Amino acid sequence: MCYFLVDTYIPAGKNHFEKGRGLYDDYIEKVKPIVERYGGMYLLRSEQIESLSQKRAPQRVIIIHFPDYEHLQRCFASKEYQEIMAMRTESVDARALIVREEQENEGSSNQN
């Protein structure tokens, strides 16, 4: 299994919040069916966030489950996604992580 985690922040500034929020809302509406077409399942989408870092306070957090890394890669490399990607990159500061689930025996000596 593979997970895609992202936190987003809409930079403040004159008119940027309104523009960013509008573009990002359009992106959110369009990306969901693309993600689902490639086997992605939204586990969490929330703006109810309490940041423990003074350096970054994201406004939205998303966690998406994919069956495997290949499905995730195909999704974000797809023509459909590439066509809407600029809506995200032009409207929000997003930080993403890909987390692959370890097999039961793989990380047993490093468990916390």
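Helices (H or I, at least four residues) and strands (E, at least two) are DSSP runs, numbered from the N terminus. By that convention, T8 lies in strand β1. The model is predicted, so local features need pLDDT of at least 70 and side-chain atom pairs count only at pLDDT 80 or more, while totals for chains, interfaces and linings use all residues. Residues are numbered from 1 along each chain as its sequence is written, and side-chain values use heavy atoms, with hydrogens and water left out.

**Confidence**
- The average pLDDT (the predictor's confidence in each residue, from 0 to 100) of the chain is 86, and 84% of the residues score at least 70.
- Among the elements, the lowest mean pLDDT, 83, belongs to helix α1 (residues 16–37), and the highest, 97, to helix α2 (residues 69–77).

**Overall fold**
- The chain contains three helices and four strands, and their order from the N terminus is β-α-β-β-α-α-β.
- Contact means heavy atoms within 4.5 Å. Of the contacts in the chain with a separation of 6 or more, 74% join residues 24 or more positions apart.
- Buried residues (under 20% relative accessible area, against over 50% for exposed and in between for partly exposed, with a 1.4 Å probe and protein chains only) make up 31% of the 112 residues.

- T8 counts as buried because its relative accessibility is 3%.
- Beyond its neighbours within four places in sequence, T8 is in contact with Y24, R56, P58, Q59, R60, V92, D93 and A94.
- I10 sits in the loop between β1 (2–9) and α1, and its relative accessible area of 4% is why I10 is buried.
- The C-alpha atoms of I10 and P58 are 8.2 Å apart, although 48 residues separate the two along the chain.

**Largest pocket**
- On a 1 Å grid over the protein atoms alone, a pocket is an open set of points where a 1.4 Å probe fits, with protein on both sides within 12 Å along at least five of seven lines; lining residues have an atom within 4 Å of a point.
- The largest pocket holds about 240 Å³ of space; of its 20 lining residues, F4, V6, Y27, Y81 and R88 are the closest to its centre.
- At least two lining residues come from each of β1, α1, β2 (41–46), β3 (60–66), α3 (79–89) and β4 (93–100), and α1 gives the most, with five.

Methods:
Points joined across faces, edges and corners; volume = space filled by probe spheres on them.
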